[in-house]
Amino acid sequence: ARMILDGHNGVIIVWQDNRTGMNEVYAQRINSSGHLLWDSSGVNLTDVSSLQEEPQIVNTIDDHFIVIWEDNRTGSKDIYGQKLDLLGNKKWGLNGTSICNVTGDQTLYQNRQSIISTSFNEVVITWKDKRSDVNGDIYVQLLNESGDYQWRNNGMVICNVSDYQGGPIIEKINQETFIVTWLDRRNNSIRNTDIYVQKINRSGH
């Protein structure tokens, strides 16, 4: 589960939930008195019946919340997102929006920060991507407030050298500049995992 402040003395919690026999992503808002403000069972972020895992959440400056997760609705792991308002309404459609759904698995990591928000009501997401290399490459995407791609469809490659790249983390230096760091085994040794870093700006350069 992940939790953030809602900006009104409460919190938003997201989690993967197995109540249907398959993990799906739910969200709930709780006020400072501990009262549930959305549906008592939580808000299911998509009506699609598929395996959904590893949710992460950020807030935006206009009192909205962006959740991303892994989703296998196409048969492999893809990255999807949903935008919620303070009332728990879904703003990016009943089933969320695709962030990346190419062939091969695209994965997030629960213990790493894979999404950040900016003062432009945008979000930047990073993930491990196996579309070209089964060992994994690093990709990123910028979405505007409507959930539209601002960079290349299905993401922009940050690193696609041979061998393993994974575990990406993203942080912002300011509202225009971002840093992505990841684990890298391009030196061909499991015991020699290195750390690499890349700097990108809001234009994707």
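This is a predicted model: local features need pLDDT of at least 70, side-chain atom pairs count only at pLDDT 80 or more; totals for chains, interfaces and linings use all residues.
Residues are numbered from 1 along each chain as its sequence is written, and side-chain values use heavy atoms, with hydrogens and water left out.

- β1 and β2 run antiparallel with 4 bridges, and L5 has V11 in β2 as its bridge partner.
- Those two strands form a hairpin with 5 residues between them, where G7 in the turn has a positive phi of about 85 degrees.
- Next along, β2 and β3 are joined by 7 antiparallel bridges, with I12 opposite R29 in β3.
- The β2 and β3 hairpin has 6 residues between the strands, and G21 takes a positive phi near 95 degrees there.
- β3 and β4 pair antiparallel over 2 bridges, and A27 has V43 in β4 as its bridge partner.

**The nonpolar core**

- The largest nonpolar core has 15 residues, and L45, I57 and V67 have the most contacts inside it.
- For the cut-offs, a nonpolar core is a set of buried Ala, Val, Leu, Ile, Met, Phe, Trp, Tyr and Cys residues joined through side-chain atoms within 4.5 Å; buried means under 20% relative accessible area, exposed over 50%, and partly exposed in between (1.4 Å probe, protein chains only).
- β2 (11-17), β3 (24-30), β6 and β7 (78-84) each supply at least two residues of this core, and β6 gives the most, with 3 residues.
- Leaving aside neighbours within four places in sequence, V67 is in contact (heavy atoms within 4.5 Å) with V14, V25, L45, P55, Q56, I57, Y80, G81 and Q82.

**The cavity**

- There is 1 cavity of 30 Å³ or more in the structure, and the largest cavity has a volume of about 30 Å³.
- A cavity is a set of points on a 1 Å grid over the protein atoms alone where a 1.4 Å probe fits but cannot get out, and lining residues have an atom within 4 Å of a point.
- Grid points are joined across faces, edges and corners, and the volume is the space filled by probe spheres set on the points.
- L51, Q52, E53, E70, D71, N72 and K77 make up the lining of the largest cavity, with β5 (52-59) and β6 (65-71) each supplying at least two residues.
- By class, that lining has 1 nonpolar, 2 polar and 4 charged residues; Asp, Glu, Lys and Arg count as charged, Ala, Val, Leu, Ile, Met, Phe, Trp, Tyr, Cys and Pro as nonpolar, and the others, Gly among them, as polar.

- Strands β14 (residues 165-174) and β15 (residues 177-184) pair antiparallel over 7 bridges, and they form a hairpin with 2 residues between them.
- Within that pairing, G166 stands opposite L183 in β15.
- Q198 is in strand β16 (residues 194-201) and counts as partly exposed because its relative accessibility is 34%.
- Not counting residues up to four places away in sequence, Q198 touches I158, F178, I179, V180 and W182.
- The C-alpha atoms of Q198 and W182 are 9.0 Å apart, with the two residues 16 apart along the chain.

Note on methods:
On a 1 Å grid over the protein atoms alone, a cavity is a set of points where a 1.4 Å probe fits but cannot get out, and a pocket is an open set with protein on both sides within 12 Å along at least five of seven lines; lining residues have an atom within 4 Å of a point. Two strands pair if DSSP finds at least two bridges between them.
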